Amino acid sequence: MLRDSWSRPGDGSLSDDLDPQERGPQDECGVFGVWAPGEDVAKLTYFGLYALQHRGQEAAGIAVSNGRQILVYKDMGLVSQVFDETTLASLKGHLAIGHCRYSTTGASVWKNAQPTFRPTADGSIALGHNGNLINTHELVEMVAELPPASDELDIHARDLEASTNDTGLVTALLAHHPDTSLEQRALEVLPTLRGAFSMVWMNEDTLYAARDPQGIRPLVLGRLERGWVVASEDSALATIGASVVREVEPGELVVIDSEGLRSHHFAEPEPKGCVFEYVYLARPDATISGRSVHEARVEMGRRLAREFPVDADLVMPVPESGTPAAAGYAEESGIPFGQGFVKNAYVGRTFIQPSQSLRQLGIRLKLNALPHMIRGKKIVVVDDSIVRGNTQRAQVRMLREAGALEVHVRISSPPVKWPCFYGIDFATRAELIANGLDVDEIAASVGADSLGYISLEGMVEATGQPEDRLCKACFTGEYPIPLPDERLLGKHLLEASISSESLPVLNNP
Ligand code: SF4
């Protein structure tokens, strides 16, 4: 029987984690692709991934093609830890894709790092995926039903792609196109995928990008003077000097080769973009569906000030993700804005686990209070979300120890009560503090004098998007893409199934 393993806490690192014992929402992945003859595509991909590092910090990889073969280099760690000048110089070609990973399906181990790689009957493919599929169990069966490949390909596939993630399954399905083109095969496979996917993949001469019909995760198309780029966020385009052309549309497949760009619609668009991208996940300098993420966060703060005003002396953010909303709260309320916490700028950049005695210091490893800003004042502290509540409890305690007279916590998203199955790793339902307690009880639990969460309507309006075009499931429990049985969902579904031998191991290219 399949194990329900989505109850495991996140095991990635994120620069906004403040407490090693309590991670915030874990982002899913960043993807990047470039088709640009004459350019150093490996370096463009490196800097594109560098700009997307906040989306995944467990592993990074780049695949490059010179028109004859694809080379893949990937490893555990941050983009800057995985690649150096020598490695990048060895990745020569005109076409590349890149990926930085936080694991949503499949454990955080090397074999699950991306891009994935598979030989095909006429070459090979490499693929990177942002999001999370919810019909993994069906894809396992589809892969098992593929006809056996030649012995040579089969051995390669076993060696190269013994991965345990949904991306490995999609790679296997796409790679099987003995009698048709990869482009045609993609139009057959993409409609069978359920869940969130913004994907880039390539063979030796062509770059592909596709987005799920709901467009849950962002994906943008950009232009270089001598080529094309796709990336999870437009901030990555700006980083490499590419101009934004447009978003890849929900349900669209984009194909780029020497003949130019072709677009196919493999499904009717039903937009349900992730509202949490605006709250926390995307970079503040990103624009999603025409709305500046920074402006959306400032507006959430303004609305929070109108919904939950309080008499106070200072509005301060929990850095960095609470900063725009705190600025909006201060602007709307007229209460002075100031820094009350200083955060170590290199938070999340170490893989060294703190010793037990250091661990007891909790968030102090990453965040410190400024007593001269706080002492004798009534403080409003603004953050983007509360997951388990341990971080906020430690922050309130730190502010009181620094001499705060009163601590009022304001949160720029509604209470998180439900898990995400579309690519974000929150805590389990049982661990979410808002699942068991009401707002007053949460305020008492974290030790705040008062607590205010923005309303669902206020958050949605701040995004500038029509409510029916957003996913809000972690706040409402209404999942826009119907979920299968609970037992068929989970980060470690494939490891569980493989170890129990209830489902076949992937071995068909
Ligand atoms: S459940 Fe929440 S985090 Fe997940 S896609 Fe929907 S809005 Fe985003």
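Analyst: Start with Val 381, whose bridge partner in β21 is Val 409. This is a predicted model, in which local features need pLDDT of at least 70, side-chain atom pairs count only at pLDDT 80 or more, and totals for chains, interfaces and linings use all residues. Residues are numbered from 1 along each chain as its sequence is written.

The bridge belongs to a parallel pairing of β20 (residues 378–383) with β21 (residues 406–411), over six bridges. Two strands pair if DSSP finds at least two bridges between them. Strands are DSSP E runs of at least two residues, helices H or I runs of at least four, both numbered from the N terminus.

Now widen the view. The open sheet here has four strands, ordered β17-β20-β21-β22, with parallel pairing. β17 (314–317) and β22 (450–453) form its edges; each has a single partner strand, so one side of each lacks a neighbour in the sheet. Neighbouring strands are turned by 20 degrees against each other on average, direction ignored. Helix α16 (residues 439–446) packs on this sheet and touches β21 and β22. Its direction makes about 130 degrees with that of β22. Axes are lines fitted to C-alpha atoms, for helices over the stretch in contact, with angles from 0 to 180 degrees between N-to-C directions. Contact means C-beta atoms, placed from the backbone, within 7 Å.

Inside it, β9 (residues 220–224) pairs with β10 (residues 227–231) over five antiparallel bridges. Leu 224 stands opposite Gly 227 in β10.

Last, the core. The largest nonpolar core holds 150 residues. Such a core joins buried Ala, Val, Leu, Ile, Met, Phe, Trp, Tyr and Cys through C-beta atoms within 7 Å; buried means 20 or more other C-beta atoms within 10 Å of a residue's own. Leu 174, Trp 201, Met 202, Tyr 208, Ala 209 and Val 230 touch the most other members. Helix α1 (residues 41–51) gives the largest share, seven residues. At least three residues come from each of domain 1 (29–272 + 495–500) and domain 2 (292–467), with bounds from an automatic or database domain assignment. Beyond four places in sequence, Tyr 208 touches Ala 186, Val 200, Trp 201, Met 202, Leu 253 and Val 255.

Notes:
A residue is buried if 20 or more other C-beta atoms lie within 10 Å of its own, exposed if 12 or fewer, and partly exposed in between; C-beta atoms are placed from the backbone. Two residues are in contact if their C-beta atoms, placed from the backbone, lie within 7 Å.
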